[in-house]
Every structure is written in C-alpha cells, then in structure tokens.
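Thanks for asking me to look this over with you. Please open the structure first, and then read the points below alongside it.

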Amino acid sequence: MDPLPKTVLCIDDDEDDRQFICEAINLADPTIRVIHAESGIKGVVMLKEMEDNKEVPCLIILDVNMPVMDGRETLVEIRKLDPQVPVILFTTGIMATTKELKELITKHHAELQGKPSNMKEIVAAVQKMLSYCA
C-alpha cells in the first residue's frame, strides 16, 4: 500500500497567490499535494477535517491579511487544533511587521515569510518552506 502523499494546506484569500504557491510547490516537488482554502474560516474547517481523517498536513502556508478571520486569528485557531504542524505566515508587508505580530508568531511557533515579487523568487521561497515536509 502506497503511503499518503505529503500535503500542504495553503490558506490565502488571493486566488493568484494561491495559484503561484501551487505552481511553485509543483515545480519544487510534484509529489506534494496542495489543498487550498480561500479564507481563514475555511482553512480551520479543512484542517479539522484532515485531522479527523488522520491526515495531518506537513505544512500550512497562511496569508496574514485576509478579511473576516485574518492570519493572526487563524493561527490561534490552528494551534488549538494542532500545536505541532509547521505554519508559515506569508505576507506582502514583512517590513511593516508589528511587534504584536512578531510576539504572536513566537508564541504560536510559526515563521514569517515575505511574499516574493516574481515566480523565480516564489519557487526559491517555497523550496525553503518545503524543508518542513522532508
């Protein structure tokens, strides 16, 4: 019986960003399955369903700036479900990162990654992120 493929859960409200991440992951490692959620709420629901099915993602890529439930709130909810799964907050505003966000990231054992501006940089960033799936 073949093992389940490694899965990355990508939570981002921007369809283009989700597509770029998916393409970059496919280029870096085509064996990794990517599941998308277009909101923090849907991402938390998907993680709960995955956990109920004993299918834990090897990585969660989480956008910081989303409507309704932003990345900060989503991170807190993710940690209630799974304190171990690696989470990388992906944001365009890394230079404007607040002290509050840095403290939240430290408290909830996550990392911060700026969103690159071109596909070559996205692939490089994703390759680094996928080290959690090794």
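1. Let's begin with overall size. This is a predicted model, and its radius of gyration is 14 Å. For 134 residues, a compact globule would come out near 14 Å, so the protein agrees with that expectation. Along the principal axes, the C-alpha atoms fill a box of roughly 45 × 35 × 25 Å.

2. Next, the fold. You will find five helices and five strands in the protein. If you trace the elements from the N terminus, the order reads β-α-β-α-β-α-β-α-β-α.

3. Among contacts in the protein with a separation of 6 or more, 70% join residues 24 or more positions apart. Of the 134 residues, 47% count as buried.

4. Look for Asp12 in the loop that links strand E1 (7–11) to helix H1 (15–28). Is Asp12 buried or exposed? Its relative accessibility is 1%, and the cut-off for buried is under 20%, so Asp12 counts as buried.

5. What does Asp12 touch, leaving aside residues up to four places away in sequence? The partners are Asp17, Arg18, Ala37, Glu38, Asp63, Met66 and Lys115. As for Thr91, this residue is 79 residues from Asp12 along the chain, while their C-alpha atoms are separated by 9.9 Å.

Definitions and conventions:
Residues are numbered from 1 along each chain as its sequence is written. This is a predicted model: local features need pLDDT of at least 70, side-chain atom pairs count only at pLDDT 80 or more; totals for chains, interfaces and linings use all residues. Side-chain values use heavy atoms; hydrogens and water are left out. Helices (H or I, at least four residues) and strands (E, at least two) are DSSP runs, numbered from the N terminus. Buried means under 20% relative accessible area, exposed over 50%, partly exposed in between (1.4 Å probe, protein chains only). Contact means heavy atoms within 4.5 Å. The radius of gyration is taken over C-alpha atoms; the globule rule is 2.2 Å times the number of residues to the power 0.38.
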